[in-house]
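Work through the exercises below with the sequence and the 3D structure at hand. Each task is followed by a worked solution.

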Amino acid sequence: MQLLPLLLLVAFFPGGDNEEAFQGPTSYHVIQISTFANSTWTQNQVSGWLEDLQIHGWDSDSGTAIFLKSWSKGNFSNEEITEIEELIRVYFFGFIREVRAHVSELQMEYPFEFQIIAGCELHPGGDIVSFFRGAFRGLDLLSIKYYSCVPSPEGGITAQQVCTLLNQGIIDIITKLLYETCPRYLLGVLDAGKADLQRQVKPKAWLSSGPTPGPGHLLLVCHVIGFYPKPVWVMWMRGEKEQAGTQRGDLLPNADGTWYLRVTLDVAAGEAAGLSCRVKHSSLGGQDIVLYWGHRTSIGLMFLAVMVPSLILLLCYALWFVRHW
């Protein structure tokens with residue numbers, strides 16, 4: 001068992017301490033949202049994530065995990081998965097029971113909600129650090145450190161009382177999942193999903209103009225789509241000088257697991273000539289994409305890419321019509 005982490009570290013960090021050597025995710029976390037509607041009804045929403053990629057769900061009715069990827073079980077056997085599911089069911093049962101039994105003591109009024117994020121992260125040096133943080137009504141409530149619940153200062157008396165309940169009740173289950181199960185699972189799932197997680201998909205980019213920001217101004221828009229992994233650098237440039245007014249939108253997911261980004265620049269209409277959008281991504285092998293504003297070649301290529309298939313289809317239809325006529 002000691003050999004597995006070493007082999008995985010060599011695979012994921014071939015450059016030793018070079019943090020850029022590994023392009024895929026390095027952490028696994030579970031998000032738990034427990035909604036206490038009244039004294040008899042509670043809903044637990046649970047999802048498991050490799051950074052931005054969801055790989056697990058949770059069926060509250062059956063108390064079983066939902067595996068969203070073929071490799072989501074990592075290197076765990078079916079028997080081990082069953083044992084972990086049982087631990088999670090016991091955790092939820094204990095958590096709900098203790099909260100309901102002490103609602104008045106905790107000064108809570110129905111309905112209320114707890115948010116919890118817990119998991120572990122693989123660092124370049126080889127250490128795996130586990131974490132557990134809880135929030136109540138949007139405020140930090142508690143964390144798990146050194147196998148014990150630690151109340152957050154801003155959580156007040158509620159945080160102290162909840163930590164007391166956890167330390168007296170289900171802390172053993174939490175720490176087992178946190179410090180024993182999670183590190184082994186993280187290494188196993190990174191290995192099982194390596195081909196999928198470390199794939200490289202080249203971005204496609206094009207330029208357009210957005211809504212006019214004001215008289216005599218243009219909004220230049222650089223669209224970058226279909227890239228994986230997520231980290232990408234996109235900037236409006238003049239020569240080799242970055243334009244400080246560049247505005248980066250949110251990174252949005254595509255249905256196929258790739259990403260989309262929109263980057264804009266507000267400029268005076270007479271200053272648009274000579275500007276370019278530069279895209280850097282690990283899949284490009286150092287060959288950046290550079291698109292120049294007003295460059296007709298790229299626009300012509302896009303036109304051909306759209307029109308040529310349509311013309312071929314029209315020609316085929318015309319030939320079919322002539323033969324049958």
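**Exercise 1.** State the accessible surface of the protein chain and the share of carbon and sulfur atoms in it.

Solution. The accessible surface (Shrake-Rupley method, 1.4 Å probe) comes to about 18,600 Å². Carbon and sulfur atoms hold 58% of that surface. This is a predicted model, in which local features need pLDDT of at least 70, side-chain atom pairs count only at pLDDT 80 or more, and totals for chains, interfaces and linings use all residues. Residues are numbered from 1 along each chain as its sequence is written, and side-chain values use heavy atoms, with hydrogens and water left out.

**Exercise 2.** Describe how strand 5 pairs with strand 1 and with strand 6.

Solution. Strands are DSSP runs (E, at least two residues), numbered from the N terminus; two of them pair if DSSP finds at least two bridges between them.
- Strand 5 (residues 112-122) and strand 1 (residues 27-36) are antiparallel, with 10 bridges. Here E121 of strand 5 stands opposite S27.
- Strand 5 also runs antiparallel to strand 6 (residues 128-136), with 9 bridges. Here Q115 has A135 as its bridge partner.
- The hairpin of strand 5 and strand 6 has 5 residues between the strands, and G126 takes a positive phi near 110° there.

**Exercise 3.** Is T246 buried or exposed, and which residues does T246 touch?

Solution. T246 is in the loop between strand 12 (241-242) and strand 13 (247-248). Not counting residues up to four places away in sequence, T246 touches M235, W236, V263, T264 and L265 (heavy atoms within 4.5 Å).

Methods. Helices (H or I, at least four residues) and strands (E, at least two) are DSSP runs, numbered from the N terminus.
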